[in-house]
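Good morning, everyone. Please look at the screen while I walk through a structure.

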Amino acid sequence: MKAFRGFVIKEFFHIFRDRRTLVILFGMPIIQMMLFGYAIRNEVQDVQVAVVDWAHDSASEAITDRLEASRYLQVVPGIEHQDIERAFRRGEAKVAVTFPRNFERDLILGESPTVQVITDATDPNTANTVLAYVTAAIGTYQIEVLTTSGGARPASIVLEPRMRFNPELRSVVLFVPGLIALILMLVCALMTSITITREKEIGTMEILLVSPLRPGQIIVGKVMPYLVLSLVNVVTILLLASQVFLVPIRGSLTLLLAECFLFIICALALGIFISTRTSTQQVAMMISLAGLLLPTVILSGFIFPVASMPAPLQIVSHIVPAKWFLIVIRGIMIKGVGLEAIWQETLVLVGMTTVFLVASVRGFNVRLAD
Amino acid sequence: MTAVDIKALEKRFGKTAALEPVTFSVAEGELFGLIGPDGAGKTTLFRMLATLVLPTGGTATVDGLDVVRDYRELRNRLGYMPGRFALYQDLTVAENLKFFASIFGATIESNYEMIRDIYGQLEPFRDRRAGALSGGMKQKLALSCALIHRPRVLLLDEPTTGVDAVSRLEFWDVLTRLRDSGLTILVSTPYMDEAARCDRVALIQDGHILEINTPTGIEDSYPLPLLSVKSSDRLTAKRALERFPFAYSVYPFGEELHFTDSRAEPSVSEIKTWLHEAGVADAEVTVIRAGIEDVFMHRMPTVEGQTGVA
């Protein structure tokens, strides 16, 4: 026990004396949180809309007012129809809405006037989102006209799209769970695999092996500090998310932390597993980055929905632990579900963790590899 | 009492043999040296004795324990210093020592007299990071770390490689004192001059043990008269000696040439005349006692730089 304690203390010395490690451990989570929270967003804000109004009647002006009132859009007046393309090029506008002559009259007569919406599709995401906003604004106006006219005309079926759980489509809400997965993978798997291979590289592993320490003690002693620091990181991210970015935590906090703990163990086991198969820090780092971080970012549903991936990739995504963790954690944080809704995913994670742990303890050589 | 007993121990990696079957034993309290160039198989032998690498044949016991079967118990009794500088560079001198004491379940205080001799020189730097120590200091710290748990047998793999000459001498003084206190020490080195500090040495090359004897015994085993030839024109002298009718071998040795005569009673004046006729005017020729390196050169006819004439 004394030997084990000495080992853990030594690991903490390593971590706190290496500035690079410290930056990765504590700087990275905060920097990434800020990046995803502030800079990398899917939603649009203050998109300039050029309004070309050939009608100048109450209907076109009412719709323009609505666009103006939206916090996502900003109406740029005084752009002529023939100048739209130039305005796009100069970046003066991203969208142009043109009302035809006699817009209100045609609307009342039920002649379906056409409102032209041109978007700058250089950035398709923004274009789609803005198009949806404009369509929605025109749609609501139409409903109002129909209602105020006392239902004189046969009411057409109007779809009313509503976003559940994340009504404003705030991307930070979606990113936080993915971010937790990413950071835990980085801290646990990458750092653990590096720290064990470092002992091999500098030759101290030889001495550790020729000591009464058991392989289990060496492994647990190595990962214990990272386990503690990862929990600190999880709490930091959750605090930042809920206090700064107002991301809701609708489910049980205890369950959330327990699931994070499970995922940390899973990532640590992966890190140990990698380190038992490699002998240099560089190789361990490459494998961790290419083999763990990339799938965690791309295949887990963090950024791209799993459902929209081609079938082979969807199959591959099943073996990415982060995919299951994301379902679990989004369920708890955003939908507020309990264990009864996510027990299957949790079980998958438990299974994966067990496999990695067994494989890494088996793979840990009590002697030097030939 | 035998501290280390090795019987037909061998190690193969696939088809290549890192160590051909070797058999020898080391007595308790003996300072035993393995002398040989890089790649001779010294590290492989040490790693097998340290229970780190499994032998592919033969058996070995250290302090009465089998290196394969009883590896767990044996690890408590071994002090092992790997060839590379294997300490934590980011920990201080004191922290390194404390860590290695703790993983063996010992404390610095309880075993201090074991390392007093060496660690005393390191005390002034106890709060310095190990990475900032000089080569000699690092070796002393590594030795302290290998000793802190009172091992029964000490295995030191090339402890003096990359260490300056003065530190090497000091290091060997320490080893001698440890031996005198009753510790069994196996040490390997590529430096022939260090062999003389051992009780017995094994000459090892290409996985074979060439000879095991006391340093004097090894020197005495040189079968022919050896002469040292000094000249300002070493190349001409070497060529002339190679043509000498009774030449056995000629090779450069430091600033001089070592010449072995195939006769039991060589004539110094005859060799001088021969050199003079070949145009070497300033040759100094003296009969000398063979060193361990000469024995090595003699036993390994393929060593580069040597001209076998016979």
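How many residues of chain B are in contact with chain A? The count is 23 residues of chain B against 22 residues of chain A. Contact here requires the C-beta atoms of two residues, placed from the backbone, to lie within 7 Å.

Some ground rules. This is a predicted model, where local features need pLDDT of at least 70, side-chain atom pairs count only at pLDDT 80 or more, and totals for chains, interfaces and linings use all residues. Residues are numbered from 1 along each chain as its sequence is written, while chains are lettered from A and ligands numbered from 1 in the order in which they are written.

Back to the side of chain B that touches chain A. Here α2 (71-77), β6 (78-81) and α3 (93-103) of chain B each give at least two residues. The largest share, four residues, belongs to α3(B). Helices (H or I, at least four residues) and strands (E, at least two) are DSSP runs, numbered from the N terminus. By type, this side of chain B has 14 nonpolar, four polar and five charged residues. Nonpolar covers Ala, Val, Leu, Ile, Met, Phe, Trp, Tyr, Cys and Pro; charged covers Asp, Glu, Lys and Arg; the others, Gly among them, are polar.

Next, helix α4 of chain B, residues 112-122. Which of its residues are buried? They are B:M114, B:I115, B:I118 and B:Y119. Buried means 20 or more other C-beta atoms within 10 Å of a residue's own, exposed means 12 or fewer, and partly exposed is in between, with C-beta atoms placed from the backbone. Down the axis of α4(B), the buried residues fall within an arc of 95 degrees, so they line one face of the helix. That arc is taken from the directions from the helix axis to the C-beta atoms. Turned away from the buried side are the exposed residues B:E113, B:R116 and B:G120. The cover over the buried residues of α4(B) includes α5 (135-147) and α6 (165-180) of chain B.

Now chain A. It has an open sheet of four strands, ordered β2-β1-β3-β4, with mixed pairing. Strands pair if DSSP finds at least two bridges between them. The edge strands are β2 (73-76) and β4 (116-119) of chain A, each pairing on one side only. Strand β1 (residues 47-53) of chain A pairs with β2(A) in the parallel sense, over four bridges. Within β2(A), A:L73 is the bridge partner of A:V47.

Last stop: A:Q142, in helix α6 (residues 124-148) of chain A. Why does A:Q142 count as partly exposed? Because A:Q142 has 16 C-beta neighbours inside 10 Å.
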